[in-house]
Structure formats: C-alpha cells, structure tokens
Amino acid sequence: MKTLKLALDWTPNVNHIGFFVAREKDFYQDQGVSVEITSPADDNYAVTPAKKVEMGEVDFALCPMESIISYRTKANAFPMKAIATIFKEDVSAIASLKESGITSPKDLDNKIYASYKARYEDEIVKQMIRNDGGNGNFQISYPEKLGIWETLLKGNADATWIFLNWEGVEAKGNGVELSSFQMKDYGVPYSYSPVIAAREKYIEERFDTYKAFISATKEGFIYSIAHPDEAADILAPNLSKQDEKMDLKEAIQFSSDYVDTTDSWGIMDDDNVSSYVEWLKKHGLETKVSSSELFTNKLH
C-alpha cells in the first residue's frame with residue numbers, strides 16, 4: 001500500500017474533516033493508499049505546507065490558490081498545481097470585534113491588521129479598504145501565525161483574516177460578536193482557499209495513486225456533511241487543546257453550504273481562478289502567470 005503525506009494549512013479543523021473521516025472510515029485503504037496527516041503545530045509553522053511540497057517532504061499541502069501563484073512566479077519558480085478545492089466558494093473574511101466599531105473595511109484606515117504575511121494578503125486588504133472608500137493606510141503586524149486569532153481577541157490587533165466556518169463559529173459560541181467582510185463584497189474576486197496542492201510532475205508520474213487519494217478524500221468530505229454527528233466525533237480527538245470546546249456540529253453545518261456534495265466535489269472552475277489572476281494583474285501584483293498553469297481537474 002502506498003503511503004502519502006499531507007501537510008495541513010492549520011491545526012486540525014472543520015476544513016480538514018474529510019481527510020480524517022476518509023482515514024477513519026478506511027476510504028483511503030479501500031483505494032489502496034494510506035495517508036499521514038501533519039499539522040503546522042508540529043513545528044510551529046517553521047516551514048509552510050507549500051514549502052514542504054517543494055522540499056519533497058510531503059505529497060500534498062493545503063494552501064490558498066495565491067500560494068500556487070506565488071510559488072510558480074517567485075524568482076526560483078516551483079511548478080506546483082492545485083488538484084482539488086475543499087470549498088466551491090470562498091468561506092473566509094476579514095474580521096474585527098464588533099465592539100471596536102469597525103463596520104466596513106474603510107474603518108480599518110489607521111487601524112492595526114494582523115497579517116499572515118502571505119504574498120498578496122496585505123495588498124488585498126488595502127484594496128478592500130480603498131474599494132470601500134478608504135485610503136488603505138493601515139498598520140500591519142506579523143504575530144506568530146498560530147496565535148493571530150488570539151491577537152484579535154485580546155485587542156492587540158483590530159482585524160485579521162479568518163474562516164467564517166471556524167473562528168467565526170468559535171466566536172459565536174463564546175458570545176463574541178464579530179463584524180466580517182468577505183472579499184467578493186468589496187471588489188476582490190478572491191479564489192479558492194484552501195486547495196490541495198501537489199508538485200506538477202508527480203501529478204503525471206503518480207497519476208493513479210493521486211487519483212485514488214482524491215477519490216477517497218471526496219468520499220470523506222461528502223460523508224462528513226451527510227453524517228455530521230459521526231464526522232464530529234472523528235475530528236474531535238485531533239483538535240488542538242485550544243479548540244477542544246469548539247461546536248463541531250455547528251461548524252459542519254456552516255460548512256455544508258460551501259461543500260459540494262455531488263460527484264463534482266473538488267473540481268475548480270477556470271472563471272473563478274482567471275478572475276483572481278486578472279485582478280492581480282490589474283493591480284500590478286502579478287504579471288507572469290495564466291490560470292491554466294495553476295490547477296488541474298484531471299484527477300477527478
């Protein structure tokens with residue numbers, strides 16, 4: 001049986017539930033593969049998941065589409081491709097505490113934004129502010145990645161980027177009111193996040209094995225939405241200590257609107273990707289890449 005390695009983009013959460021379900025329910029085994037799952041908490045994000053693909057440490061990484069663009073266009077380009085999307089549309093947002101009085105992105109002028117230091121992130125937030133009528137003048141802090149959410153909750157930053165189906169659900173469960181702003185509502189056609197990324201040449205060289213992985217993963221995500229109680233019980237033991245009290249059923253329910261539960265799970269649309277690429281080009285953030293280089297649906 002072929003063993004494959006997957007690097008998560010965050011500590012285990014609802015975005016990853018299909019992987020854990022597929023492993024627990026033997027969907028991977030049924031496809032003739034086994035899967036090792038690693039969390040960035042293992043090294044406190046010393047090496048990003050995408051970097052681990054480049055270094056050959058893992059077969060797959062979870063990352064936003066912008067990481068694929070970044071790796072393919074950096075000085076020493078690395079040919080990485082997205083092979084599946086977890087969600088059919090973006091479920092992330094820029095969030096602030098409601099008590100801060102920030103009611104739209106323009107209110108972030110002269111405020112502190114806690115950044116993950118992704119290549120296009122700060123410019124995306126700046127453009128959201130400008131598109132909302134602000135100047136785009138804000139302070140940027142770069143806390144430790146795994147502590148960014150706490151930075152917002154403790155008032156050390158005014159806003160950060162979250163997943164509505166995870167931090168958003170956690171905040172609601174703890175009685176913390178948030179104001180959240182999705183990119184699409186402020187003129188930014190942000191693409192898929194997260195996607196499953198792989199080294200391009202291995203997609204061909206290990207085609208059958210990678211196809212088996214995608215097939216079992218799809219089964220895992222679809223099963224999770226259809227059986228939320230069981231899926232929650234499977235994910236729960238894998239959570240970090242700070243996430244132990246998360247309302248997993250609520251997180252799964254929230255996610256269900258964004259997960260494709262048909263045989264089309266994971267398939268990416270060129271219009272989605274090309275719109276984002278064209279937006280980056282329009283704003284002078286990227287010039288060298290085409291959408292067709294960034295993803296493939298051939299494993300589905």
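Reply: Start with burial. Buried means under 20% relative accessible area, exposed means over 50%, and partly exposed lies in between, using a 1.4 Å probe and protein chains only. At 0% relative accessibility, Phe213 counts as buried. Phe19 is also buried, with a relative accessible area of 0%. This is a predicted model: local features need pLDDT of at least 70, side-chain atom pairs count only at pLDDT 80 or more, and totals for chains, interfaces and linings use all residues. Residues are numbered from 1 along each chain as its sequence is written, and side-chain values use heavy atoms, with hydrogens and water left out.

Me: How is a pair of aromatic rings described?
Reply: By the distance of the centres and the angle of the planes. Rings of Phe, Tyr and Trp (its six-membered ring) pair if their centres lie within 6.5 Å; planes under 30 degrees apart count as stacked, over 60 as edge-to-face, and the rest as tilted. A search of the whole structure finds 15 aromatic pairs. Take Phe19 and Phe213: their ring centres are 6.4 Å apart and their planes are at 15 degrees, so this pair is stacked. Phe19 lies in helix 1 (residues 17–24) and Phe213 in helix 9 (residues 207–226), so the pair ties together parts 194 residues apart in sequence. Helices (H or I, at least four residues) and strands (E, at least two) are DSSP runs, numbered from the N terminus.

Me: Why is the pair of Trp161 and Tyr190 called tilted?
Reply: Its ring centres are 5.0 Å apart and its planes are at 55 degrees, so the pair is tilted. Trp161 lies in strand 8, and Tyr190 in the loop between strand 9 (178–181) and strand 10 (195–199), so the pair ties together parts 29 residues apart in sequence. Trp161 is buried, with a relative accessible area of 10%. Tyr190 is buried too, at 10%.

Me: Is strand 8 mostly covered or mostly open?
Reply: Mostly covered. Strand 8 spans residues 159–163, and five of its five residues are buried. Ala159, Trp161 and Phe163 are on one side, with Thr160 and Ile162 on the other.

Me: Which strands pair with strand 8?
Reply: Two strands pair if DSSP finds at least two bridges between them. Strand 5 (residues 92–97) pairs with strand 8 in the antiparallel sense over four bridges. There, Ala93 stands opposite Ile162. Strand 6 (residues 112–114) runs parallel to strand 8, joined by two bridges. Ala114 has Thr160 as its bridge partner.

Me: How do I read a charge over a ring?
Reply: NZ of Lys or CZ of Arg must be within 6 Å of the ring centre and within 35 degrees of the ring normal. The charged end of Arg206 sits over the ring of Tyr202, 3.6 Å from its centre. Lys117 has its charged end over the ring of Tyr142, 5.1 Å from the centre.

Me: Which element gives the most to the lining of the largest pocket?
Reply: Helix 4, with four residues.
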